[in-house]
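Please have the sequence and the 3D view open while reading.

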Amino acid sequence: PSSLHGFTLVELMMVLAIVGILASVGVPTMSSFIQSGQVRTTALDLVSDLQFARSEAIKRNAVVAVLPVTEGSWTTGWRVHAGATADSPVLRARVREAGQILATSASVSFVFAANGRIDGLVGVASVQFCSAQASGITGRLVEVQLSGLARTNPTGCV
């Protein structure tokens, strides 16, 4: 007698049902994971560019500014300028699509003096990044001290 090795239709349907259930549970989790990663990456990009701007200010012995692409909003990205105004030459730019990540800040710019410190800052300046597509995802808060040092920490988003 020959024995057939393979799957029956019932076994195949059961496997597909189990895979479907696992996928329906895993997709929302994966989506949340991706959005959280995008928020973290955006915050780390800003910290990196703030560190770059600080080191350029010290190296050039001149003012270097980090300004939002859209005046008053960090949501669409930022540019590092070799000067204090948006008319100054651009050293580095990070432009993002609006709608993916929301940014809130009372700081309209970060201007580094030739000594690497933030000009006109009293206390700590910050920018908060949150996902625009899902609530409950942990956001990131980028804080800049008077000394010009920047760091990022997790923060709650509404």
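Two strands count as paired if DSSP finds at least two bridges between them. Helices (H or I, at least four residues) and strands (E, at least two) are DSSP runs, numbered from the N terminus. The model is predicted, with local features needing pLDDT of at least 70 and side-chain atom pairs pLDDT 80 or more, while totals for chains, interfaces and linings use all residues. Residue numbers start from 1 along each chain as its sequence is written, and side-chain values use heavy atoms, without hydrogens and water.

**The sheet E4-E6-E7-E8**

This open sheet has 4 strands in the order E4-E6-E7-E8, with antiparallel pairing. Strand E4 (101-105) and E8 are the edges; each has a single partner strand, so one side of each lacks a neighbour in the sheet. Neighbouring strands are turned by 20° against each other on average, direction ignored. That angle relies on axes, which are lines fitted to C-alpha atoms (for helices, over the stretch in contact); angles run from 0 to 180 degrees between N-to-C directions.

Strand E7 (residues 139-144) pairs with strand E8 (residues 150-155). Their hairpin has 5 residues between the strands, and Gly-148 takes a positive phi near 100° there. E4 pairs with strand E6 (residues 125-131).

**The sheet E3-E2-E1-E5**

A second open sheet of 4 strands has the order E3-E2-E1-E5, again with antiparallel pairing. E3 and strand E5 (110-112) are its edge strands, and each pairs on one side only. The twist averages 25° from one strand to the next.

Strand E1 (residues 64-70) pairs with E2. The hairpin of E1 and E2 has 2 residues between the strands, and Gly-72 has a positive phi near 85°. E2 also pairs with strand E3 (residues 90-95). Val-80 of E2 is the bridge partner of Val-66, and Val-80 stands opposite Arg-92 in E3. Gly-77 stands opposite Val-95 in E3.

Is strand E2 largely enclosed or open? In E2 (residues 73-81), 7 of the 9 residues are buried, so the strand is largely enclosed by the rest of the structure. Buried means under 20% relative accessible area, exposed over 50%, and partly exposed in between (1.4 Å probe, protein chains only).

| Strand pair | Bridges | Sense | Facing residues |
|---|---|---|---|
| E1 and E2 | 5 bridges | antiparallel | Val-66 and Val-80 |
| E2 and E3 | 5 bridges | antiparallel | Val-80 and Arg-92 |
| E7 and E8 | 6 bridges | antiparallel | Val-142 and Thr-152 |
| E4 and E6 | 5 bridges | antiparallel | Ile-101 and Ser-131 |

In general, strands of a sheet pair through backbone hydrogen bonds, either parallel or antiparallel.

**Helix H1 and the surface**

Ser-36 lies in helix H1. At 25% relative accessibility, Ser-36 counts as partly exposed.

Phe-7, Leu-9, Leu-12, Met-13 and Leu-16 make a nonpolar surface patch of about 600 Å². Patch residues have over 30% relative accessible area and no salt bridge; like charges are joined within 9 Å, and nonpolar side chains (Val, Leu, Ile, Met, Phe, Trp, Tyr) within 5 Å. A salt bridge is a side-chain nitrogen of Lys or Arg within 4 Å of a carboxyl oxygen of Asp or Glu. Accessible areas come from the Shrake-Rupley method with a 1.4 Å probe; for residues, only the protein chains shown count as cover.
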